[in-house]
Amino acid sequence: MLLTLDLNDPRPLHEQVAGAIRRAIGDGSYMAGDRLPPARDLADALGINANTVLRALRDLRDEGLLEFRRGRGVSVAGGSTGRALIVQRARDLLEEAKKYGYSRDDLIDVLKELP
């Protein structure tokens, strides 16, 4: 898994890690049932604290994207691939809209106007 973080991004690192994993799941790099590398390995590769990666993994577990299994590590939950990509793109779009002064409701209005 090739994850990258943008140190100029104002979002917390754990949110960036979660977003990168969501994209990897959404674009098919990881399929349902695939195991993710250990949190410590991901943290070492990204140059961040393992607790930051663990927080991102817990957030994704709470969203239903990942499953934690004792002795088997972390794996992608079944049926989560397409939705994960849409959720991540929506989050990215909302962040971009905020940069231009648009609120969530403004963005929803724009989406409703689309054919």
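Mentor: Happy to. The largest pocket holds about 210 Å³ of space. A pocket here is found on a 1 Å grid over the protein atoms alone, as an open set of points where a 1.4 Å probe fits, with protein on both sides within 12 Å along at least five of seven lines; lining residues have an atom within 4 Å of a point. Grid points are joined across faces, edges and corners, and the volume is the space filled by probe spheres set on the points.

Before going on, a note on the source: this is a predicted model, in which local features need pLDDT of at least 70 and side-chain atom pairs count only at pLDDT 80 or more, while totals for chains, interfaces and linings use all residues. Residues are numbered from 1 along each chain as its sequence is written, and side-chain values use heavy atoms, with hydrogens and water left out.

Back to the lining. It has 13 residues, and those nearest the pocket centre are Arg11, Glu15, Arg22, Arg91 and Glu95. Helix H1 (13-26) and H4 are the elements that give two or more residues to this lining, and H4 supplies the largest share, 5 residues. Helices (H or I, at least four residues) and strands (E, at least two) are DSSP runs, numbered from the N terminus. By type, the lining divides into 9 charged, 2 polar and 2 nonpolar residues; charged covers Asp, Glu, Lys and Arg, nonpolar covers Ala, Val, Leu, Ile, Met, Phe, Trp, Tyr, Cys and Pro, and the others, Gly among them, are polar.

H4 spans residues 81-99 and also carries leucine 93. That leucine is partly exposed, with a relative accessible area of 39% (buried means under 20%, exposed over 50%, partly exposed in between, with a 1.4 Å probe and protein chains only).

Now the wider fold. The protein has 5 helices and 2 strands, in the order α-α-α-β-β-α-α along the sequence. Its C-alpha atoms fill a box of roughly 50 × 30 × 20 Å along the principal axes, and 33% of the 115 residues count as buried.

Arginine 58, in helix H3 (residues 50-62), is 10.0 Å from histidine 14, although 44 residues separate them in sequence. Aspartate 106, in helix H5 (residues 104-113), is 28 Å from alanine 56, 50 residues away along the chain.
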